[in-house]
Amino acid sequence: MYAVLHPPNFAAQVVAQQRPELRKRPVALIDGEPPADTVVAANKAARGLGVEVGMTRLQAATIPEVVTIRRVHEDEVAAQSILHTIACMFSPRIEYVEIHPGTYALDIDGMNGMFGDEMRLANKLRQRVMTEGFLANVAVAQNFDAALCLALGRTGVSVVPQGGEATALRDLPLHVLNLTAEQAETFKAWGIRTCGQLAALVETDLISRIGQTGKRLYSLARGAWPHLMFPVESNFEDSLVERMELDFPVELLEPLLFLLGRMTDTLLERAKAKARAIASLRVVLHLDGGKRHERIVRPALPLEDKLTLLKLLQLDLETHPPGAAILSLELHAHSAEPYRAQHGLFLPQAPEPGRLEVLLARLRKLLGEERVGSVELKDDHRPNAFRIVPFAPPPPKRSEQRNLAVATALRVCRPPQTIGVVFTGSVPARVFWDGQGYAVREIAGPWRVSGQWWNEANWCREEWDVRLATESAERVCRIAFDPRSRCWYVQGTYD
Amino acid sequence: MASATNLRLQIETALAKRVPAALTLKIKQAPEVFSTGIEEVDAVLGGGIPRGSITEVAGGATTGKTSFALSSIAAITQSGAACAWVDVSDALSPESAAAANIVLKRLLWLRISAERRERITDKPWSRLGQALNATDLLLQAGGFAAIVLDMSDVLPQHIMRVPLSTWYRFRLAAEQARTALIFLSQSPCASSCATLSLRCELAGIQPFRSEKETALFERQRYSLVRERNRNEGSAIVRKKPPVRAEWSAETPWSRVR
């Protein structure tokens, strides 16, 4: 059994779905290069006022109350992907009928267990499509083409029992058979208006008059033309794209977030329908002046939460704002298996992954990109060589390390502070630091360290550990002498 | 005696809707503590630093504040929990942290740096403001077992200008997030908001070891004075005398030997 879903006048319906305020107004859709642009679709109200497909824009504009809108192909692609997603919910085998935009044929054999009998399935399918803002005809028949003709010719839901295709098609007009202009003219001349009248002809006579296409039309009119189904097996990742063109350039981020929120929601719905989560989002902003601004938000774990994703997008765009007004935007998503974790009552405390992502994005915005993260020591001889890596705590697990004595911590001065040093012989005896003089009570050193003498980044210094004292306080510091700049400085204080 | 019990029961029943158990003493739960990794200090603090409250550690330079905090954080990260270090002066040494046995992947380090033309000794309002905001965000997000707010290099007169309401807010947030919030500063700042108040001092001069010709800085002896511990409160309020613990820290190179 096949169910065919057909949204009549698809282009006009897309406009009504994107801009609900135009739903009750006469709308004509214009396409083509000005001034040769013509009407390609019109809704019922506009057709009632006399708008016809093929009219020029000027002709349509002369009819009062008619709103002329330029056709946006991206919107149609987005609407089609919505219908595609819905069709996928009802059957794993679907075929896209290319000659009728937005039309899908579903193989519903074996789907009774999930959706009930054919009538119930057809009703559920139609209701699901209507909740997305489209009006569609649904027809169910044993023959693929019979179901297609019924969906094209009859409004609402039609279910044809097995063997009843010819009877059901009898009253349909001939245009459902997708005739060429020449064939339509011939049948009109013969006085044949419906499929029933065509099916009543003698097959061999028809073929002898209009050729081999006559056999196909004869079988189609009787609902007996065989069809080999080619199910769509599209790459799911390719469908996770949303595009939007703006009517006027947007400079502020806030109005953009409303659009991004809607687009994220759609992408998330699509991903959730496949039991997947969003692993990364790529925002492409087309800017005024032809530039492109691209940002990628990649949470540590795949997320299913719209608010978290939207917050991450917002914080990222606030940290890296686009340089000019935005003309259009694209949102590409990459899906992955959702994160599943078994929590335990007795496991140590750890930040929740979703909240942690937002927290880190907020902190990066507050302090700077390179200022937030966990530290990783570099395999380098240079003292204090490290890099900052994104904070991603491993799963809570007790790690047993051998207990050593408590280590003395060094508080590093970043950048190192220059000091004045007075010597006794070749050993520092007095240090002047930050406007204060210190006597050197004890000293250990010098420890000569150097490295990377073979390139520009070479370093070399003599380090001393000193116990400095004033009348009231005492501190142990590490001071160093840099022979290249011939300068003394404080590296840090032991605390 | 029986009449007193009856009377109490009657009063409690009458007030049950407004004040539950009006005349019964509330049973105080034993505070949850994190070990500091230093036995001498744990013995004085009754097990370690309390969870879900503020611990302030005050002291000048070279009094062992940072070593103490790193040791505490090491013990917590080794238990599998995540911690954060809010570094107002960008002074944390990753090598010291690694030497203290901290699981670095479980430590979130927030480096707050001075503006380019600003000297570290200049007025630290922007850095302090950023640190307080960052701490606020960390507490609100929750999930961190301990957060260290390191203000050791900020002058006491600057910290004193932080409104008391900030510390009160932090205390409430720490309680809700079950986070041990540790302040490192030169002098106590959080006053009554801190559950545990500690003062760090130098315990005595440990001379650099002179062996043959070369002297070597090997260890330092510190002392920790417990000035207040609210968790030790009893029915009769009385001020307890400060308790002192002495401990020593070794330099990483002397541990290797």
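In the predicted model, residue A:L29 has A:A41 as its bridge partner in strand β3(A). In the order β3-β2-β4 (chain A), three strands form an open sheet of mixed pairing. Because β3 (38–42) and β4 (67–70) of chain A each have a single partner strand, they stand at the edges, and one side of each is left without a neighbour in the sheet. From one strand to the next, the twist averages 40 degrees. Helix α1(A) packs on this sheet and touches β2, β3 and β4 of chain A, its direction making about 110 degrees with that of β2(A).

Residues are numbered from 1 along each chain as its sequence is written, chains are lettered from A and ligands numbered from 1 in the order in which they are written. Because the model is predicted, local features need pLDDT of at least 70 and side-chain atom pairs count only at pLDDT 80 or more, whereas totals for chains, interfaces and linings use all residues.

Helix α1 (residues 10–18) of chain A, a helix being a DSSP run of H or I with at least four residues, also packs against helix α4 (residues 73–90) of chain A, with the axes 10 Å apart and at an angle of about 90 degrees. Axes are lines fitted to C-alpha atoms, for helices over the stretch in contact, and angles run from 0 to 180 degrees between N-to-C directions. That angle makes α1(A) roughly perpendicular to α4(A), a term for angles of 65 to 115 degrees. The contact (C-beta atoms, placed from the backbone, within 7 Å) is made by A:A11, A:V14, A:Q17 and A:Q18 of α1(A) and by A:D75, A:E76 and A:A79 of α4(A).

Between the chains, the axes of helix α15 (residues 353–367) of chain A and helix α5 (residues 125–141) of chain B come within 10 Å and cross at roughly 175 degrees. The two helices, α15(A) and α5(B), are therefore roughly antiparallel, the term for angles over 145 degrees. Residues of α15(A), including A:L359, A:L363 and A:L366, meet residues of α5(B), among them B:A134 and B:L137. Residue B:L110, not counting residues up to four places away in sequence, touches residues of both chains, including A:L363, A:L367, B:W85 and B:A134.

Definitions and conventions
Parallel < 35°, antiparallel > 145°, perpendicular 65-115°, else oblique. Contact = placed C-beta atoms within 7 Å. Pairing = 2+ DSSP bridges.
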